[in-house]
Amino acid sequence: MARIIVITSGKGGVGKTTTAAALAMGLAQRGSRTAVIDFDVGLRNLDLIMGCERRVVYDFVNVINHEANLNQALIRDKRCDNLYVLPASQTRDKDALTKEGVGRVLDELSQGFDFIVCDSPAGIEHGATMAMYYADDAVVVTNPEVSSVRDSDRMLGILASKSRRAESNEEPIREFLLLTRYDATRVDNGEMLSVKDVQDILSLNLLGVIPESKAVLNASNAGVPVILDRESDAGLAYGDAVGRYLGEDLPHRFVNAEKKGFFSRLFGG
Amino acid sequence: MGLLDYFRSSQPKGSANVAKERLQILVAHDRAERHRPSYLPNLQREILEVIRKYVDVDMNAVSVNYEQEETHEVLELNIVLPDTVRNRA
């Protein structure tokens, strides 16, 4: 049986797809058979971030509608044998994702995989609720910014009430906070909510803090999940987050600004 | 700039504090709304119907308040009867 992880946020543009790609790659690299599914029907992007956009033949909706089987639609990652991508459909409307259809595909995937990472679309509409419905774990991606934190809290309410686990009175979804686009210098200057501020409001298990980093855009430009960039702070931070998800107790890096010397503070720079 | 910044850094912190305060209020409010039982509007309507069988009260005469305390929930009903009723008694 696979563990189903939803990457969600409510607000758009906070880093859900970047996170889904990074976590899925990280889990696969550590030896777990992992599938990552794009639930953003009509606006598929995960294939681009994963760098497999030219290999898409069939998609998630084709599988739901029995127009293709899973093996035809799954794209095996060229860098990691344990990783498969199930792309979203680009043309159909989002109602093509039925609760029964999604459940059947996840069931079938569960037979052959250890982890299924569901990349949720933004918002709280159908696609987003389908992405989280069957989840065992949720990674709530949040920017240290008021609208993102508020939307995350709203999403937590939905996870607690409208998921399969909530409806069948099972143990609730395990929820984790992933704080992205974090700028420790601005936090030090009092211009940005700190990890603690966000934690005080959302009180979630902190999976990781991903620093604002040029590496993220560079990675998406190239179609390489940023976790593979071991030279970058964001890549390393995602690596740590995967370790924590798997139960490792790791200190949080990149949450403190690099200390400037007295003279550089005095003269700027 | 550098010199000014250095001396300024001891002053109270900037906009992040405001953001946190606004969020705390907003999120508390959002959560209170979310935890309200969904039957409240119906409850309010039906209570009003029952009262109006006996007393001619205004549509806004019944207010239903729901609050969550630490260990229990409080359902508060407030019914305003018109002055004429008291005069009759």
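**Cysteines, helices and chain B**

Analyst: Let's begin with a cysteine: A:Cys52 counts as buried, because its relative accessibility is 5%. Keep in mind that this is a predicted model.

User: OK, and how many disulfides are there over all chains?
Analyst: The count is zero.

User: Is A:Cys80 buried or exposed?
Analyst: A:Cys80 is buried, with 8% relative accessible area.

User: Switching to helices. At what angle do H7 and H10 of chain A cross?
Analyst: Roughly 35°, with their axes coming within 10 Å. H7(A) covers residues 146–162 and H10(A) covers residues 195–202. The crossing is right-handed.

User: Which residues make that contact?
Analyst: From H7(A), you have A:Val149, A:Ser152, A:Asp153 and A:Leu156. H10(A) brings in A:Val198, A:Ile201 and A:Leu202. By class, that's five nonpolar residues, one polar and one charged.

User: And chain B, what is its secondary structure?
Analyst: Chain B has four helices and two strands, in the order α-α-α-β-β-α along the sequence.

User: How much of chain B is buried?
Analyst: Of its 89 residues, 20% are buried. The accessible surface of chain B is about 7,300 Å², and carbon and sulfur atoms account for 52% of that.

Methods:
Residues numbered from 1 in each chain as written. Chains lettered and ligands numbered in written order. Predicted model: local features only at pLDDT ≥ 70, side-chain atom pairs only at ≥ 80, totals over all residues. Heavy atoms only, no water. Axes fitted to C-alpha atoms, helices over the stretch in contact; angles between N-to-C directions. Left-handed = near helix turned anticlockwise from the far one by under 90°. Contact = heavy atoms within 4.5 Å. Nonpolar A, V, L, I, M, F, W, Y, C, P; charged D, E, K, R; others polar. Disulfide = S-S within 2.5 Å. Buried < 20%, exposed > 50% of the residue type's maximum accessible area, 1.4 Å probe, protein only. Areas by Shrake-Rupley, 256 points an atom, 1.4 Å probe, with all protein chains shown as cover.
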